[in-house]
Amino acid sequence: AVYNTKAVLNDEAAYLKALDSLRALLDAHDLKDCKINCYRVVAGRTDYTHLISLNCPTPERRAALLDGINEPWAQEWITSAAKFRTVTSNGTYKELVPAN
């Protein structure tokens, strides 16, 4: 269960440092099981430079993450990180597998 954000970063080093602070915030708000990945796009895309993926072990934990995003602690982080990125899209995803 993931929440992905596609973004154009204008300062990759600063944004990665900001992700370190997001990690600390998630840990402090009972979201230690949500993992953060940041991928740099090296070819084939022009509408975003990075894919930031917040990965949760279950849909219920992803729901807790999405609820947390609306809390003041998360909104402060989003505002502070905005100077390093322009979000082009985001969304939640679930892998669909055929029934047995």
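**View 1. Arg23 and Asp27 within helix α1.** Arg23 and Asp27 both belong to helix α1, four residues apart, which is about one turn of the helix; helices here are DSSP runs of H or I with at least four residues, strands are runs of E with at least two, and both are numbered from the N terminus. The two side chains meet in a salt bridge of 2.8 Å, N to O, the term being used for a side-chain nitrogen of Lys or Arg within 4 Å of a carboxyl oxygen of Asp or Glu. Arg23 is partly exposed, with a relative accessible area of 22%, and Asp27 is likewise partly exposed, at 29%; buried stands for under 20% relative accessible area, exposed for over 50%, and partly exposed for values in between (1.4 Å probe, protein chains only). The model is predicted, so that local features need pLDDT of at least 70 and side-chain atom pairs count only at pLDDT 80 or more, whereas totals for chains, interfaces and linings use all residues. Residues are numbered from 1 along each chain as its sequence is written, and side-chain values use heavy atoms, with hydrogens and water left out.

**View 2. The salt bridge between Arg61 and Asp33.** The closest N and O atoms of Arg61 and Asp33 are 2.8 Å apart in this salt bridge. Arg61 lies in helix α2 and Asp33 in the loop between α1 and β2, so the pair ties together parts that are 28 residues apart in sequence. Arg61 is partly exposed at a relative accessible area of 21%, and Asp33 is partly exposed at 28%.

**View 3. The salt bridge between Glu12 and Arg40.** A search of the whole structure finds three salt bridges, and one of them joins Glu12 to Arg40, with the closest N and O atoms 2.3 Å apart. Because Glu12 lies in helix α1 (residues 12–28) and Arg40 in strand β2 (residues 35–40), the pair ties together parts that are 28 residues apart in sequence. Glu12 is partly exposed, with a relative accessible area of 25%, while Arg40 counts as exposed at 53%.

View 4. A polar atom of the Arg62 side chain lies 2.9 Å from the backbone oxygen of Tyr93. Leaving aside neighbours within four places in sequence, Arg62 is in contact (heavy atoms within 4.5 Å) with Ala1, Val2, Cys56, Thr92, Tyr93 and Lys94.

**View 5. Arg85, a buried arginine in strand β4.** Arg85 is found in strand β4 (residues 85–93). Arg85 is buried and has no salt bridge, with the nearest side chain of opposite charge, Asp11, 13 Å away. The side chains of Arg85 and Tyr15 are joined by a polar contact of 2.8 Å, that is, a pair of N or O atoms within 3.5 Å of which, within protein, one must be able to donate a hydrogen and the other to accept it, residues adjacent in sequence counting only if both atoms are side-chain atoms. Not counting residues up to four places away in sequence, Arg85 touches residues including Thr5, Leu9, Tyr15, Trp77 and Ile78.

Note on methods:
Lys, Arg positive; Asp, Glu negative; His and termini not counted.
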